[in-house]
Amino acid sequence: MLTYNELIELKKKLANEEVTLEYAKESCWKDFQEGARAWHTNDWKKRRSEVLKDKCEICDSKETLTLQHLSHTLKYNDYEREVTKRYTETFIGSNSIVDKFEFSEHVIKDYDYVPIPLCPNCEDNRPNKRVRKLPQYLCAVCRHEFDKPVYKSVEELIAIFYENEDAIEVRDKCFISKDKWKNKLNLSNIKYWFQRNMAKTKDNETIGKEAFLLYLDDNIKYLSFSDTITACKKCAFSYDIKNMELCPKCKEHYKGIQYATCIQCLPEDRRKAALETIEFGKEMHAIHKKLGID
Ligand SMILES: [Zn+2]
Ligand SMILES: [Zn+2]
Ligand SMILES: [Zn+2]
């Protein structure tokens, strides 16, 4: 696992094109085994001890201090998805038209079509299928009764779609992807994923690099402890640490975002009550557990 400084170095090299994306990924992930965590490394332990304050930044207690991260990191795939989405939007902006023939081929090749039954009289797509009564179908719109609904062919649907992408006939998600996901899509969805793929193919390397740089940034920030607070065990337990911010009054202690100030900045009587609540939090938890209402 790379140390904090090695990660910074790697990021610089990747940004300056001194190393390839392939190389950067490999050196970052090579001994990134399942269960191997940053806090097992000496580098992490040493820098943690330098950042850990000598008292809780919420209540001033010196008992069992821990370092709590105020934000959490994303996975590489999350970044890749974000960046791909952005590139897709740009791509669609300048390539809004997809070749009809190419699109038809793609739809037929990669999707199973499960046609929607339509009323033969008015073509409404919601005829009621009756269990006991014949004829089997009753159109909810024109009250026509019939045994054989009509269906639109894929070609007809695509022709309508190319006339008007928002046409009511093409809104049903009647295509099922042939891959393992078996996603149900309509033609608009299929077009989006088709264009997304084209954008991804076109800018594959750029997207990967951008996503990986964001991922490295995230990890560097995490390992830098810049977004952490020292909290005693009780405060870490009593507060949702991710919803803490610096008190605007003293700019020294942390407070929950729902409160106006930190505990220390409260008037004497309320301060005492708040500190007791923290003390109380742990006991309440034990009581709740005992009563089975946890
Ligand atoms: Zn505390
Ligand atoms: Zn009808
Ligand atoms: Zn304060």
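The model is predicted, so local features need pLDDT of at least 70 and side-chain atom pairs count only at pLDDT 80 or more, while totals for chains, interfaces and linings use all residues. Residues are numbered from 1 along each chain as its sequence is written, chains are lettered from A and ligands numbered from 1 in written order, and side-chain values use heavy atoms, without hydrogens or water.

What holds the zinc ion (ligand 2)? Its protein donors (N, O and S atoms within 2.8 Å of the metal, or 3.2 Å for Na, K and Ca; water is not among the atoms, so sites may look incomplete) are the SG atoms of Cys119, Cys122, Cys139 and Cys142, lying 2.3 Å from the ion. Along the chain, these donors follow the spacing C-x2-C-x16-C-x2-C. The site is tetrahedral, with angles of 103 to 116 degrees among the four donor atoms; for four donors, this term requires all angles to lie between 85 and 135 degrees. For comparison, the ideal angle for four tetrahedral donors is 109.5 degrees.

The whole structure contains zero disulfides, a disulfide being a pair of cysteine sulfur atoms within 2.5 Å. Cys174 is buried at 5%, and its sulfur lies 18 Å from the closest cysteine sulfur, in Cys122, so the two are too far apart for a bond.

How values were computed: Buried < 20%, exposed > 50% of the residue type's maximum accessible area, 1.4 Å probe, protein only. Tetrahedral: all angles 85-135°; square planar, octahedral: opposite > 155°, others 65-115°.
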